[in-house]
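Trainee: I want to check the labels against their cut-offs. Can we go through them one by one?

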Amino acid sequence: MLEDLDIFAMVVEHGSLNKASQALNLSQPALSRKIGKLESQLGILLFDRVGKHLELTRLGRICYDYAVQMRNLEQQMLREINSYQTGGGSVTIGASLTTLQSTLPELITLYTKHYPETDLKAVTGKTHEIVSLVKDRKVDIGIIATVIDHSDLHCDPLFDDHLCLVLPQSHEYARREELSIDDLTGLPLILFSKGTWYRTLTDDMFLKYGIQPDVRMEIDSFEAITRLVSTLNIATLLPQSYIGQGILDNNGLLMRRIEVFERTARTTSIIYGPPASLNESTRQLIEATKNYYSSS
């Protein structure tokens, strides 16, 4: 029926059986038989025959609208299949805003250098939101700060990460030879807002070790935190993977080790659906991501 609907749509668009038969390379009697067959299958009249002219019936107009939609869907399906087979399609990445700002730029720059034809998009969210988006195929891959075991998803660990104390170079703690987690009691801090893995990890450690910091601000933006730390001469806790030397130098900051943090690592992973469901561009990005972090 799909082929006959497409033929019917062409008759409507050409305005006559004669012109449509020429475009389709069919004889006019053969074309008339196909239209008659479609009318018989649907149990309706598609056209009113007024002399040599064809006029759509009301039901014929409804069928034409659906025929156009079905033709468009077929074309979209073929484009998607071609994209899956040849690459050059689009890939949507799901990750936290901070991950997109700090962890992915170098990877994306490297990937687009080799695959400039791929259209990369990004969606931000918390870990549980990213997992749901990947499961529902609303994004192609997710970068999350945990390891999951999900029957519908693949999860490949990329790297381990832990928190570090980040300070302005002028901060009093910058001159101390050693720092422990006890030194965070009463220390003015800017922290990420609740809900992120590093904030959950931070709060768990504060509770475990009886630390009561002086939390002055809770902010979602990594860039805002790095700027405010220096401006307000205040400390913060950030994942090590977010803190490149350029970020420290550009903001007048330094990073100090705290042993407890280094013993409490968190694994960042890439998640995606069944490989057979992924287009070629997505598969290329997954391999590029795993290779990038394995060599870092």
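Trainee: Why is Lys 194 called exposed?

Mentor: Its relative accessible area is 54%. Exposed means over 50%, buried means under 20%, and partly exposed lies in between, with a 1.4 Å probe and protein chains only. So Lys 194 is exposed, at 54%. One caution: this is a predicted model, where local features need pLDDT of at least 70, side-chain atom pairs count only at pLDDT 80 or more, and totals for chains, interfaces and linings use all residues. Residues are numbered from 1 along each chain as its sequence is written, and side-chain values use heavy atoms, without hydrogens and water.

Trainee: What makes Lys 194 and Asp 203 a salt bridge?

Mentor: Their closest N and O atoms are 3.1 Å apart. A salt bridge needs a side-chain nitrogen of Lys or Arg within 4 Å of a carboxyl oxygen of Asp or Glu, so the pair qualifies. Asp 203 is partly exposed, at 24% relative accessibility. The two residues also sit in a salt-bridge network with Arg 199 and Glu 218.

Trainee: How many salt bridges does the structure hold?

Mentor: The structure holds 14. One of them joins Asp 4 and Lys 37, at 3.8 Å between the closest N and O atoms. The pair links distant parts of the chain: Asp 4 lies in helix α1 and Lys 37 in helix α3, 33 residues apart. Helices here are DSSP runs of H or I with at least four residues, numbered from the N terminus.

Trainee: Is Asp 4 buried or exposed, and how do you know?

Mentor: Asp 4 has a relative accessible area of 6%, so it is buried. Lys 37 has 45%, so it counts as partly exposed.

Trainee: How do you know that α1 and α3 come together?

Mentor: Their axes come within 10 Å and cross at roughly 120°. Axes are lines fitted to C-alpha atoms over the stretch in contact, and angles run from 0 to 180 degrees between N-to-C directions. The contact (heavy atoms within 4.5 Å) includes Asp 4 and Phe 8 of α1, and Lys 37 and Leu 38 of α3.

Trainee: Why does Arg 71 count as buried?

Mentor: Arg 71 has 18% relative accessibility, so it counts as buried. Its side chain meets Glu 13 in a salt bridge, at 2.7 Å from N to O. This pair links helix α1 to helix α4, 58 residues apart. Glu 13 has 39% relative accessible area, so it is partly exposed.

Technical notes: Helix = DSSP H or I, 4+ residues; strand = E, 2+ residues; numbered from the N terminus.
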